[in-house]
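Visitor: I am new to this structure. Please show me how to read it, one feature at a time.

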Amino acid sequence: QLPERRVRHGRIVDGEGRAVDDVLLTIFRGPASYTGEDVIEISAHGGILVTRRIYELLLSNGARAAEPGEFTRRAFLNGKMDLTQAEAVMDLIHAQSELSLRAASQQLEGALGRAADSIREDLLQLLLRQPCQGLAVAGQNGLEGLDVRQLRPLRHDRGDALQAVGA
């Protein structure tokens, strides 16, 4: 068993024992990996032919190619990132300017998700402070006593937070 998060030098050989390339192998075990699952990274010298041979050997031995976005989808499904961070990965890949790159980076770091969570928490706290009259009465939504003036400071404070992350 190879230790995780340690780079190991090795050689990939074909079915007849011929060397294809010297490689570096790194193991990332879940849940402490990007996806939250066990992952192995192979670093090869590159080049079209070497890469193709390694790829074909991996496929012929039971591996399969990841679908576009699969690692990020798995990270999201395993709770390693929220939806705004998962979307930020795509924004980061397709960034065309320094500004869009910076915004995507901040979003990937969780700035937008934290701001949204903070707004959600403020709204929940506001609702919890309101009288619960009418919540159990059919046809009423329980918000009759809500003082919307209490929302204005929240909107102002959170607007600043959202503007800071480029939302």
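Guide: Start with Arg-5, which is partly exposed because its relative accessible area is 43%. Buried means under 20% relative accessible area, exposed means over 50%, and partly exposed lies in between, with a 1.4 Å probe and protein chains only. Accessible areas come from the Shrake-Rupley method with a 1.4 Å probe, and for residues only the protein chains shown count as cover.

Visitor: What should I know about the model and its numbering?

Guide: This is a predicted model, so local features need pLDDT of at least 70 and side-chain atom pairs count only at pLDDT 80 or more, while totals for chains, interfaces and linings use all residues. Residues are numbered from 1 along each chain as its sequence is written, and side-chain values use heavy atoms, with hydrogens and water left out.

Visitor: Where is Arg-5 found? And what is phi of Arg-5 near?

Guide: Arg-5 is found in the segment before strand 1 (8–13). Its phi is near 55°, a positive value in a residue other than glycine.

Visitor: How many helices and strands does the protein chain have?

Guide: Helices (H or I, at least four residues) and strands (E, at least two) are DSSP runs, numbered from the N terminus. The protein chain has six helices and three strands. From the N terminus on, the order is β-β-β-α-α-α-α-α-α.

Visitor: Which peptide bond is cis?

Guide: The one from Gly-30 to Pro-31, with omega near 5°. Pro-31 sits in the loop between strand 2 (19–28) and strand 3.

Visitor: What span should helix 1 have?

Guide: The expected span of a helix is 1.5 Å times one less than its number of residues. Helix 1 has 13 residues, so it should span 18 Å; its end C-alpha atoms are 18 Å apart, which agrees. Gly-62 follows helix 1, and its phi is positive, near 105°.

Visitor: Now helix 3. Is Gln-85 buried or exposed?

Guide: Gln-85 lies in helix 3 (residues 83–93). It is buried, because its relative accessible area is 15%. Contact means heavy atoms within 4.5 Å. Not counting residues up to four places away in sequence, Gln-85 touches Gln-107, Leu-108, Glu-109 and Gly-110.

Visitor: What is Asp-91 in contact with?

Guide: Asp-91 is also placed in helix 3. Its relative accessible area is 38%, so Asp-91 is partly exposed. Leaving aside neighbours within four places in sequence, Asp-91 is in contact with Ala-104 and Gln-107. Asp-91 and Leu-101 are ten residues apart along the chain, and their C-alpha atoms are separated by 7.6 Å.

Visitor: What share of the protein chain counts as buried?

Guide: Of its 167 residues, 22%. The accessible surface of the chain is about 12000 Å², and 56% of that belongs to carbon and sulfur atoms.

Visitor: What volume does the largest pocket have?

Guide: On a 1 Å grid over the protein atoms alone, a pocket is an open set of points where a 1.4 Å probe fits, with protein on both sides within 12 Å along at least five of seven lines; lining residues have an atom within 4 Å of a point. Grid points are joined across faces, edges and corners, and a volume is the space filled by probe spheres set on the points. Here the largest pocket has a volume of about 680 Å³.

Visitor: Which residues lie nearest its centre?

Guide: The lining has 21 residues, and Ile-40, Ala-63, Arg-64, Ala-66 and Phe-71 lie nearest the centre. Helix 1 supplies the largest share of the lining, five residues.
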